[in-house]
Amino acid sequence: MRTLALAALIYAISIILIDIAPFFIGMYVDALGLTLSQAGFVQTIDQAGGILGAVAGYFMMPRYRWRSLIVAASLLATLANVLTAVADTYFVLAVVRFLSGFGVVMITTVTACILARAASPDRAFGVGLALGMFLSAVAVWLLDALRTQYGFSASLGSGALWLALGLILALFLSRELGGQSDKVEEPHLAEDISHTKATGWAALAALFLFGISVNIVYGYVERVGLANGLDQAGVANALALGFIFSAFGSTVPLIFGAVGGRLKWIAFTTLLLLASLAALYLADSVSLYTISFGLYASAWNMGLAYYMALTAENDPEEHLTRMMYIATVAAQSIGPAIAAGALTGASLSVVFVIAPAPALLAALLVSAMALRARKRSLARIAAT
């Protein structure tokens, strides 16, 4: 229980750097004079480092102690965020953000695999994601306070404070973490392992597609708020309060788990995401933007929890579980890249036009797999 609690907290700390990314994009524009498209590509480079961090985690986790991996990755990410504070050129910024992404996502990958071993992964991920939302709200206010009191450098380097805290917590994790999980395979899974793996692959692909939808818009939520007439302080307050609001929405997997079937919750999550995108586009006051962003972040975290849990429960060998953050961070890289390309010569509204399609495809994919599973079950019953 202590291990799960520590893993959930370290996981939550690691996703802060993802959650506050829109503010970094805005500060790249304001502090270094980058264009909006350039700032978006810096974020893409950050996430490309994350992809490599997730890939490195995939290959290193079976070979090294997980606590050692988390500690080493935390040291690297902390240093990279300190250097972000003094980066003064596009190239230097890109290099240090690449290193930050590598370290942060290796932390997230390892801790996510610890949470996936819980008796109810839906609830374990719900705890980590809800904690992440609360801490991200604090991080947003800290960013704004540091920017106001000490300037952009202090604000850009503030990620190091969170990562250093995660490093300290990691020292209290069990040294024995690692190896294969103790999952108990149910008889029907043992008889039809190929179908189980197919479901796991479909869930992983759906996680990737859902992540693309979220990240097409997410990198620009600060700029959308400004375009809708809010000032910087208003946007900061709206997003911070929205994170807190979304923390309550993120407890849905914690409270309900997979009651009634995950497809029901995935369908609800997809509809909530689409509604929140429309609300964000139209919100022209701090209160409306707070509510819209809270719904958006809630949908994001619910989707992560349910798609990751579906992947983990259909992955007896843990190969796909170790790949979850390869898929997630690939989406976090591809989403902004799609948006940055679409924004060339276009207005911000274009991101709201293209964002829904991958999420809808994700829901259709897992629904098709569920229908296939139902047909196989009926055929098995009829055969007996």
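Helix α5 gives the most to the lining of the largest cavity, with five residues. This is a predicted model, in which local features need pLDDT of at least 70 and side-chain atom pairs count only at pLDDT 80 or more, while totals for chains, interfaces and linings use all residues. Residues are numbered from 1 along each chain as its sequence is written, and side-chain values use heavy atoms, with hydrogens and water left out.

What is a cavity here? On a 1 Å grid over the protein atoms alone, a cavity is a set of points where a 1.4 Å probe fits but cannot get out, and lining residues have an atom within 4 Å of a point. The structure holds four cavities of 30 Å³ or more, and the largest cavity has about 70 Å³ of space. Among the residues lining the largest cavity are Leu17, Gln43, Arg97 and Val104. Two or more lining residues come from each of α1 (2–19), α3 (36–60) and α5 (90–116). By class, the lining has four nonpolar, five polar and two charged residues.

Now follow α5 to another partner. The axes of α5 and helix α16 (residues 319–343), lines fitted to C-alpha atoms over the stretch in contact, come within 8 Å and cross at roughly 135°. That makes α5 oblique to α16, because angles under 35 degrees count as roughly parallel, over 145 as roughly antiparallel, 65 to 115 as roughly perpendicular and the rest as oblique. Where they meet (heavy atoms within 4.5 Å), α5 brings residues including Val105 and Thr108, and α16 brings residues including Thr321 and Tyr325.

How values were computed: On a 1 Å grid over the protein atoms alone, a cavity is a set of points where a 1.4 Å probe fits but cannot get out, and a pocket is an open set with protein on both sides within 12 Å along at least five of seven lines; lining residues have an atom within 4 Å of a point. Grid points are joined across faces, edges and corners, and a volume is the space filled by probe spheres set on the points. Helices (H or I, at least four residues) and strands (E, at least two) are DSSP runs, numbered from the N terminus. Ala, Val, Leu, Ile, Met, Phe, Trp, Tyr, Cys and Pro count as nonpolar, Asp, Glu, Lys and Arg as charged, and the others, Gly among them, as polar. Axes are lines fitted to C-alpha atoms, for helices over the stretch in contact, and angles run from 0 to 180 degrees between N-to-C directions.
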